[in-house]
Amino acid sequence: MKIPFLSFDTTNREIKKEITEAFDRFFDSQWYILGEQVGQFEQAYARFNNADHCVGISNGLDALHLCLRVLGIGPGDEVIIPANTYIATLLAVSYVGGTPVLVEPKIGTYNIDSAGIEAAITAKTKAIMPVHLYGQSCEMEEIMDIATRHGLFVVEDNAQAQGAAFNGKLTGSFGDCNGTSFYPGKNLGALGDAGAVTTNDPGYCDKLRMLRNYGSKKKYYNEAIGYNMRLDELQAAMLLVKLKYLEKWTRERQQIAGWYDSALRGIGDLVLPVVAPGATHVYHLYVIRTKSRDQLQDFLAKQGIGTLIHYPLPPHLQEAYSHLGLKKGDFPITEEIAETVLSIPLWPGMQQGNVEEVATAIRSFFNTQK
Ligand SMILES: *Cc1c(COP(=O)(O)O)cnc(C)c1O
(Lines give C-alpha, C1' and ligand atoms only; values in the text may rest on other atoms or scores of the structure.)
Protein backbone atom coordinates (compact mmCIF):
# COMPACT_ATOMS: atom_id res chain seq x y z
CA MET A 1 0.00 0.00 0.00
CA LYS A 2 1.32 3.40 -0.99
CA ILE A 3 -0.99 5.09 1.51
CA PRO A 4 -2.23 2.60 4.09
CA PHE A 5 -5.54 3.10 5.85
CA LEU A 6 -3.68 3.33 9.16
CA SER A 7 0.02 3.57 9.96
CA PHE A 8 1.87 3.78 13.27
CA ASP A 9 5.15 4.76 11.54
CA THR A 10 5.30 8.35 12.75
CA THR A 11 3.75 7.97 16.18
CA ASN A 12 5.78 4.86 17.01
CA ARG A 13 9.00 6.61 16.01
CA GLU A 14 8.01 9.59 18.17
CA ILE A 15 7.56 7.54 21.34
CA LYS A 16 9.83 4.50 20.88
CA LYS A 17 12.49 5.61 23.36
CA GLU A 18 9.94 6.43 26.07
CA ILE A 19 8.07 3.19 25.43
CA THR A 20 11.26 1.16 25.79
CA GLU A 21 12.11 2.94 29.04
CA ALA A 22 8.57 2.41 30.35
CA PHE A 23 8.79 -1.27 29.47
CA ASP A 24 12.08 -1.60 31.34
CA ARG A 25 10.61 0.05 34.43
CA PHE A 26 7.56 -2.22 34.25
CA PHE A 27 9.70 -5.33 33.73
CA ASP A 28 12.11 -4.50 36.53
CA SER A 29 9.29 -3.68 38.95
CA GLN A 30 8.38 -7.41 39.00
CA TRP A 31 4.75 -6.39 39.57
CA TYR A 32 2.66 -7.40 36.57
CA ILE A 33 -1.00 -7.15 37.65
CA LEU A 34 -2.78 -4.14 39.23
CA GLY A 35 0.31 -2.26 40.27
CA GLU A 36 1.51 1.33 40.21
CA GLN A 37 1.17 1.71 36.44
CA VAL A 38 -2.56 0.92 36.47
CA GLY A 39 -3.10 3.31 39.40
CA GLN A 40 -1.12 6.11 37.77
CA PHE A 41 -2.83 5.65 34.42
CA GLU A 42 -6.27 5.71 36.05
CA GLN A 43 -5.45 9.02 37.73
CA ALA A 44 -3.97 10.50 34.56
CA TYR A 45 -6.90 9.41 32.39
CA ALA A 46 -9.49 10.66 34.90
CA ARG A 47 -7.73 14.04 34.86
CA PHE A 48 -7.58 14.04 31.05
CA ASN A 49 -11.28 13.17 30.82
CA ASN A 50 -12.34 15.60 33.55
CA ALA A 51 -14.01 12.74 35.41
CA ASP A 52 -13.68 12.06 39.13
CA HIS A 53 -12.74 8.40 38.66
CA CYS A 54 -11.29 6.08 36.07
CA VAL A 55 -11.19 2.30 36.44
CA GLY A 56 -8.89 0.41 34.06
CA ILE A 57 -10.62 -2.52 32.37
CA SER A 58 -9.39 -5.30 30.07
CA ASN A 59 -10.96 -3.82 26.90
CA GLY A 60 -13.73 -1.54 25.69
CA LEU A 61 -16.41 -4.21 25.43
CA ASP A 62 -15.77 -5.40 29.00
CA ALA A 63 -15.84 -1.76 30.13
CA LEU A 64 -19.32 -1.25 28.62
CA HIS A 65 -20.48 -4.56 30.07
CA LEU A 66 -19.32 -3.62 33.58
CA CYS A 67 -20.98 -0.17 33.28
CA LEU A 68 -24.36 -1.84 32.73
CA ARG A 69 -23.67 -4.46 35.42
CA VAL A 70 -22.83 -1.80 38.02
CA LEU A 71 -25.98 0.16 37.18
CA GLY A 72 -28.00 -2.98 37.85
CA ILE A 73 -29.37 -3.38 34.34
CA GLY A 74 -30.60 -6.91 33.70
CA PRO A 75 -33.23 -9.18 32.18
CA GLY A 76 -36.41 -7.37 31.15
CA ASP A 77 -34.67 -4.01 30.95
CA GLU A 78 -34.49 -2.08 27.70
CA VAL A 79 -31.45 -0.06 26.72
CA ILE A 80 -31.65 2.51 23.93
CA ILE A 81 -28.76 2.28 21.48
CA PRO A 82 -28.02 3.82 18.09
CA ALA A 83 -28.87 1.45 15.23
CA ASN A 84 -25.72 2.74 13.54
CA THR A 85 -22.98 1.47 15.84
CA TYR A 86 -20.33 -1.18 16.19
CA ILE A 87 -21.69 -4.50 17.45
CA ALA A 88 -19.90 -4.18 20.83
CA THR A 89 -22.46 -1.68 22.13
CA LEU A 90 -25.22 -4.27 21.65
CA LEU A 91 -23.13 -7.14 23.00
CA ALA A 92 -22.68 -5.33 26.30
CA VAL A 93 -26.47 -5.11 26.70
CA SER A 94 -26.87 -8.78 25.79
CA TYR A 95 -24.27 -9.84 28.38
CA VAL A 96 -26.37 -8.42 31.24
CA GLY A 97 -29.54 -9.95 29.79
CA GLY A 98 -31.01 -6.63 28.68
CA THR A 99 -32.76 -5.86 25.40
CA PRO A 100 -31.15 -3.45 22.95
CA VAL A 101 -33.69 -1.02 21.48
CA LEU A 102 -32.32 0.56 18.33
CA VAL A 103 -32.80 4.16 17.25
CA GLU A 104 -31.92 5.68 13.89
CA PRO A 105 -29.07 8.20 13.56
CA LYS A 106 -29.20 11.61 11.92
CA ILE A 107 -27.99 11.24 8.36
CA GLY A 108 -25.81 14.35 8.74
CA THR A 109 -23.73 13.40 11.81
CA TYR A 110 -24.30 9.59 11.84
CA ASN A 111 -24.98 9.91 15.59
CA ILE A 112 -28.19 8.92 17.40
CA ASP A 113 -31.20 11.18 16.80
CA SER A 114 -32.58 12.56 20.08
CA ALA A 115 -36.13 12.72 18.67
CA GLY A 116 -35.93 8.95 18.08
CA ILE A 117 -34.81 8.37 21.67
CA GLU A 118 -37.96 9.99 23.11
CA ALA A 119 -40.13 7.90 20.80
CA ALA A 120 -38.39 4.64 21.82
CA ILE A 121 -38.86 5.06 25.60
CA THR A 122 -41.20 2.55 27.25
CA ALA A 123 -41.95 1.57 30.85
CA LYS A 124 -39.08 -0.94 30.58
CA THR A 125 -36.42 1.52 29.44
CA LYS A 126 -33.57 1.80 31.96
CA ALA A 127 -30.70 3.45 30.09
CA ILE A 128 -29.52 5.27 26.99
CA MET A 129 -26.16 4.41 25.45
CA PRO A 130 -25.04 7.19 23.11
CA VAL A 131 -22.07 6.28 20.90
CA HIS A 132 -19.80 9.13 19.80
CA LEU A 133 -19.32 7.56 16.41
CA TYR A 134 -16.23 8.16 14.26
CA GLY A 135 -15.01 10.69 16.89
CA GLN A 136 -17.87 13.20 16.93
CA SER A 137 -19.70 13.86 20.19
CA CYS A 138 -23.43 13.18 20.25
CA GLU A 139 -25.75 16.06 21.10
CA MET A 140 -25.30 15.36 24.79
CA GLU A 141 -27.32 18.19 26.30
CA GLU A 142 -30.52 16.95 24.68
CA ILE A 143 -29.72 13.36 25.60
CA MET A 144 -28.99 14.21 29.24
CA ASP A 145 -32.18 16.24 29.36
CA ILE A 146 -34.25 13.30 28.07
CA ALA A 147 -32.53 10.97 30.56
CA THR A 148 -33.25 13.30 33.47
CA ARG A 149 -36.90 13.79 32.52
CA HIS A 150 -37.49 10.02 32.22
CA GLY A 151 -35.22 8.89 35.09
CA LEU A 152 -32.86 6.91 32.84
CA PHE A 153 -29.19 6.07 33.23
CA VAL A 154 -26.75 7.23 30.58
CA VAL A 155 -23.76 5.09 29.57
CA GLU A 156 -21.59 6.75 26.94
CA ASP A 157 -19.69 4.53 24.52
CA ASN A 158 -16.63 6.74 24.18
CA ALA A 159 -14.46 4.18 22.37
CA GLN A 160 -13.98 6.38 19.30
CA ALA A 161 -14.00 9.88 20.77
CA GLN A 162 -11.42 10.39 23.54
CA GLY A 163 -11.00 14.15 23.87
CA ALA A 164 -14.18 15.14 22.01
CA ALA A 165 -16.61 17.52 23.72
CA PHE A 166 -20.12 18.90 23.53
CA ASN A 167 -20.45 22.59 24.45
CA GLY A 168 -17.04 22.34 26.09
CA LYS A 169 -17.79 19.28 28.25
CA LEU A 170 -15.80 16.15 27.44
CA THR A 171 -17.41 12.97 26.17
CA GLY A 172 -17.04 10.29 28.81
CA SER A 173 -17.91 12.80 31.56
CA PHE A 174 -21.67 13.12 30.97
CA GLY A 175 -23.04 9.67 31.75
CA ASP A 176 -23.41 7.72 35.00
CA CYS A 177 -20.70 5.26 33.90
CA ASN A 178 -18.94 5.48 30.58
CA GLY A 179 -16.82 2.97 28.71
CA THR A 180 -13.88 3.59 26.43
CA SER A 181 -11.50 1.40 24.45
CA PHE A 182 -7.74 1.57 24.01
CA TYR A 183 -7.72 -0.95 21.17
CA PRO A 184 -4.52 -0.18 19.23
CA GLY A 185 -6.26 1.67 16.39
CA LYS A 186 -8.34 3.95 18.65
CA ASN A 187 -7.26 7.57 19.17
CA LEU A 188 -5.56 6.50 22.40
CA GLY A 189 -4.37 2.99 21.61
CA ALA A 190 -2.52 0.47 23.77
CA LEU A 191 -0.17 -2.20 22.42
CA GLY A 192 -2.88 -4.82 22.81
CA ASP A 193 -6.34 -4.91 24.35
CA ALA A 194 -7.23 -2.32 26.99
CA GLY A 195 -10.15 -0.16 28.11
CA ALA A 196 -11.54 1.92 30.96
CA VAL A 197 -14.67 3.19 32.67
CA THR A 198 -15.00 6.82 33.72
CA THR A 199 -17.52 7.90 36.36
CA ASN A 200 -18.13 10.69 38.86
CA ASP A 201 -19.74 8.34 41.38
CA PRO A 202 -17.41 6.93 44.06
CA GLY A 203 -19.84 4.09 44.76
CA TYR A 204 -19.83 2.89 41.17
CA CYS A 205 -16.06 3.26 41.11
CA ASP A 206 -15.66 0.95 44.15
CA LYS A 207 -18.01 -1.59 42.66
CA LEU A 208 -16.22 -1.55 39.31
CA ARG A 209 -12.88 -2.21 41.03
CA MET A 210 -14.45 -5.11 42.89
CA LEU A 211 -16.18 -6.62 39.81
CA ARG A 212 -13.15 -6.41 37.52
CA ASN A 213 -11.12 -8.38 40.06
CA TYR A 214 -13.12 -11.57 40.78
CA GLY A 215 -15.67 -9.69 42.86
CA SER A 216 -13.03 -9.16 45.51
CA LYS A 217 -11.97 -6.09 47.46
CA LYS A 218 -9.88 -7.98 49.97
CA LYS A 219 -7.69 -10.71 48.50
CA TYR A 220 -9.35 -14.16 48.71
CA TYR A 221 -12.65 -12.70 50.03
CA ASN A 222 -15.34 -12.45 47.33
CA GLU A 223 -18.52 -10.45 47.78
CA ALA A 224 -19.93 -10.84 44.26
CA ILE A 225 -19.64 -13.12 41.25
CA GLY A 226 -17.07 -10.96 39.56
CA TYR A 227 -14.82 -11.23 36.54
CA ASN A 228 -11.22 -11.13 35.52
CA MET A 229 -11.47 -7.87 33.57
CA ARG A 230 -8.45 -5.96 34.80
CA LEU A 231 -6.41 -3.52 32.75
CA ASP A 232 -2.97 -5.08 32.21
CA GLU A 233 -0.16 -3.42 34.13
CA LEU A 234 1.95 -3.56 30.95
CA GLN A 235 -0.73 -1.83 28.87
CA ALA A 236 -1.16 0.83 31.57
CA ALA A 237 2.59 1.56 31.36
CA MET A 238 2.35 1.92 27.58
CA LEU A 239 -0.81 4.06 27.82
CA LEU A 240 0.82 6.43 30.32
CA VAL A 241 3.39 7.28 27.66
CA LYS A 242 0.86 7.63 24.84
CA LEU A 243 -1.65 9.69 26.82
CA LYS A 244 0.86 12.56 26.96
CA TYR A 245 0.71 12.76 23.17
CA LEU A 246 -3.05 12.39 22.74
CA GLU A 247 -3.89 16.10 22.52
CA LYS A 248 -1.12 16.71 19.97
CA TRP A 249 -2.20 13.71 17.91
CA THR A 250 -5.84 14.87 18.07
CA ARG A 251 -4.84 18.29 16.70
CA GLU A 252 -3.03 16.49 13.87
CA ARG A 253 -6.14 14.42 13.13
CA GLN A 254 -8.22 17.60 13.01
CA GLN A 255 -5.71 19.30 10.71
CA ILE A 256 -5.71 16.32 8.33
CA ALA A 257 -9.52 16.33 8.34
CA GLY A 258 -9.42 20.05 7.46
CA TRP A 259 -7.14 19.28 4.50
CA TYR A 260 -9.56 16.60 3.32
CA ASP A 261 -12.52 18.98 3.77
CA SER A 262 -10.98 21.51 1.38
CA ALA A 263 -9.54 18.99 -1.07
CA LEU A 264 -12.73 16.93 -1.44
CA ARG A 265 -15.39 19.66 -1.55
CA GLY A 266 -17.70 19.54 -4.56
CA ILE A 267 -16.54 16.25 -6.05
CA GLY A 268 -19.23 14.02 -7.62
CA ASP A 269 -21.91 12.98 -5.12
CA LEU A 270 -19.43 12.88 -2.22
CA VAL A 271 -20.82 13.72 1.20
CA LEU A 272 -18.19 14.97 3.65
CA PRO A 273 -18.34 14.84 7.48
CA VAL A 274 -20.68 17.37 9.12
CA VAL A 275 -20.09 18.56 12.67
CA ALA A 276 -23.20 19.49 14.67
CA PRO A 277 -23.38 22.90 16.42
CA GLY A 278 -21.77 22.58 19.86
CA ALA A 279 -20.07 19.28 19.01
CA THR A 280 -16.39 18.65 18.38
CA HIS A 281 -14.92 15.92 16.22
CA VAL A 282 -11.62 14.15 17.03
CA TYR A 283 -11.64 12.27 13.72
CA HIS A 284 -11.07 8.73 14.87
CA LEU A 285 -12.24 8.14 11.29
CA TYR A 286 -12.71 10.39 8.29
CA VAL A 287 -15.86 8.99 6.73
CA ILE A 288 -17.16 10.02 3.31
CA ARG A 289 -20.27 8.84 1.53
CA THR A 290 -21.06 8.07 -2.13
CA LYS A 291 -23.50 5.88 -4.05
CA SER A 292 -20.46 4.44 -5.92
CA ARG A 293 -18.78 3.36 -2.68
CA ASP A 294 -17.76 -0.17 -3.72
CA GLN A 295 -16.34 0.99 -7.07
CA LEU A 296 -14.48 3.85 -5.37
CA GLN A 297 -13.00 1.48 -2.81
CA ASP A 298 -11.78 -0.90 -5.57
CA PHE A 299 -10.37 2.00 -7.58
CA LEU A 300 -8.46 3.35 -4.56
CA ALA A 301 -7.13 -0.12 -3.70
CA LYS A 302 -5.69 -0.39 -7.23
CA GLN A 303 -3.98 2.98 -6.67
CA GLY A 304 -2.43 1.65 -3.45
CA ILE A 305 -4.75 3.58 -1.11
CA GLY A 306 -6.21 1.66 1.82
CA THR A 307 -9.80 2.22 2.95
CA LEU A 308 -12.26 0.46 5.27
CA ILE A 309 -16.04 0.40 5.73
CA HIS A 310 -17.40 1.25 9.19
CA TYR A 311 -19.60 -0.77 9.07
CA PRO A 312 -20.78 -2.90 6.14
CA LEU A 313 -23.63 -4.73 7.93
CA PRO A 314 -25.63 -2.94 10.67
CA PRO A 315 -26.26 -4.77 13.96
CA HIS A 316 -29.99 -5.34 13.26
CA LEU A 317 -29.10 -7.38 10.15
CA GLN A 318 -26.39 -9.46 11.85
CA GLU A 319 -27.10 -13.16 12.32
CA ALA A 320 -26.19 -12.79 16.01
CA TYR A 321 -29.20 -10.49 16.47
CA SER A 322 -31.72 -12.35 14.29
CA HIS A 323 -33.70 -13.07 17.50
CA LEU A 324 -34.67 -9.38 17.64
CA GLY A 325 -36.85 -10.13 14.60
CA LEU A 326 -35.68 -7.06 12.69
CA LYS A 327 -35.40 -7.01 8.92
CA LYS A 328 -33.99 -5.03 6.04
CA GLY A 329 -35.99 -1.83 5.69
CA ASP A 330 -36.55 -1.39 9.44
CA PHE A 331 -33.75 1.19 9.80
CA PRO A 332 -33.44 2.84 6.37
CA ILE A 333 -31.04 5.61 7.43
CA THR A 334 -28.69 3.13 9.09
CA GLU A 335 -28.91 0.85 6.06
CA GLU A 336 -28.17 3.68 3.67
CA ILE A 337 -25.13 4.61 5.76
CA ALA A 338 -23.88 1.00 5.66
CA GLU A 339 -24.24 0.95 1.86
CA THR A 340 -22.51 4.26 1.17
CA VAL A 341 -19.82 5.02 3.79
CA LEU A 342 -16.11 4.75 3.20
CA SER A 343 -13.36 5.58 5.72
CA ILE A 344 -10.27 6.99 4.04
CA PRO A 345 -6.70 7.07 5.42
CA LEU A 346 -6.14 9.24 8.49
CA TRP A 347 -3.44 8.87 11.10
CA PRO A 348 -1.27 11.30 13.06
CA GLY A 349 1.86 11.96 11.05
CA MET A 350 0.06 11.83 7.70
CA GLN A 351 1.34 14.66 5.49
CA GLN A 352 -0.60 17.16 3.40
CA GLY A 353 1.02 15.52 0.35
CA ASN A 354 -0.58 12.19 1.29
CA VAL A 355 -3.97 13.88 1.63
CA GLU A 356 -3.54 15.54 -1.79
CA GLU A 357 -2.65 12.17 -3.29
CA VAL A 358 -5.80 10.54 -1.87
CA ALA A 359 -7.90 13.51 -3.05
CA THR A 360 -6.39 13.37 -6.54
CA ALA A 361 -7.20 9.66 -6.80
CA ILE A 362 -10.78 10.28 -5.64
CA ARG A 363 -11.18 13.14 -8.12
CA SER A 364 -9.90 11.00 -11.00
CA PHE A 365 -12.33 8.23 -10.01
CA PHE A 366 -15.29 10.60 -10.32
CA ASN A 367 -13.93 11.99 -13.62
CA THR A 368 -13.91 8.46 -15.11
CA GLN A 369 -17.50 8.01 -13.84
CA LYS A 370 -18.86 10.87 -15.97
C1 LIG B 1 -13.74 -0.40 19.56
C2 LIG B 1 -15.13 -0.20 20.01
C3 LIG B 1 -15.68 -0.91 21.08
C4 LIG B 1 -15.02 -2.09 21.72
O5 LIG B 1 -13.74 -1.89 22.19
P6 LIG B 1 -12.74 -3.13 22.37
O7 LIG B 1 -11.62 -2.56 23.18
O8 LIG B 1 -12.31 -3.54 21.00
O9 LIG B 1 -13.47 -4.21 23.08
C10 LIG B 1 -16.95 -0.59 21.51
N11 LIG B 1 -17.68 0.38 20.91
C12 LIG B 1 -17.18 1.08 19.86
C13 LIG B 1 -18.03 2.14 19.24
C14 LIG B 1 -15.91 0.81 19.37
O15 LIG B 1 -15.44 1.48 18.32
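Biologist: Which strands does helix α2 lie across?

Modeller: Helix α2, residues 36-49, lies across β1, β8 and β9 and runs at about 125° to β1. Helices (H or I, at least four residues) and strands (E, at least two) are DSSP runs, numbered from the N terminus. Contact means heavy atoms within 4.5 Å. Axes are lines fitted to C-alpha atoms, for helices over the stretch in contact, with angles from 0 to 180 degrees between N-to-C directions. Helix α7 (residues 202-212) also lies across β1, β8 and β9, at about 15° to β1.
This is a predicted model, where local features need pLDDT of at least 70 and side-chain atom pairs pLDDT 80 or more, while totals for chains, interfaces and linings use all residues. Residues are numbered from 1 along each chain as its sequence is written, and side-chain values use heavy atoms, without hydrogens and water.

Biologist: What is the order of the strands in the open sheet?

Modeller: Strands of a sheet pair through backbone hydrogen bonds, either parallel or antiparallel. Here the three strands follow the order β1-β9-β8, with antiparallel pairing; two strands pair if DSSP finds at least two bridges between them. β1 (53-57) and β8 (177-181) are the edge strands, each pairing on one side only. Neighbouring strands of the sheet are turned by 25° against each other on average, direction ignored.

Biologist: How many bridges join β8 to β9?

Modeller: Five bridges join β8 to β9, residues 195-199. In one of them, Thr-180 has Ala-196 in β9 as its bridge partner.

Biologist: How many aromatic pairs does a search of the whole structure find?

Modeller: A pair of aromatic rings is described by the distance of the centres and the angle of the planes. The search finds 14 pairs. Rings of Phe, Tyr and Trp (its six-membered ring) pair if their centres lie within 6.5 Å; planes under 30 degrees apart are stacked, over 60 edge-to-face, the rest tilted. Tyr-45 and Phe-48 form a tilted pair, 5.6 Å centre to centre with 35° between the planes. Both lie in helix α2, three residues apart, about one turn of the helix.

Biologist: What is the volume of the largest cavity?

Modeller: Rolling a probe the size of a water molecule over the atoms shows where empty space is left. A cavity is a set of points on a 1 Å grid over the protein atoms alone where a 1.4 Å probe fits but cannot get out; lining residues have an atom within 4 Å of a point. The largest cavity has a volume of about 110 Å³. Of its 14 lining residues, those closest to the centre are Phe-8, Thr-11, Asn-187, Arg-253 and Pro-348.

Definitions and conventions: On a 1 Å grid over the protein atoms alone, a cavity is a set of points where a 1.4 Å probe fits but cannot get out, and a pocket is an open set with protein on both sides within 12 Å along at least five of seven lines; lining residues have an atom within 4 Å of a point. Grid points are joined across faces, edges and corners, and a volume is the space filled by probe spheres set on the points.
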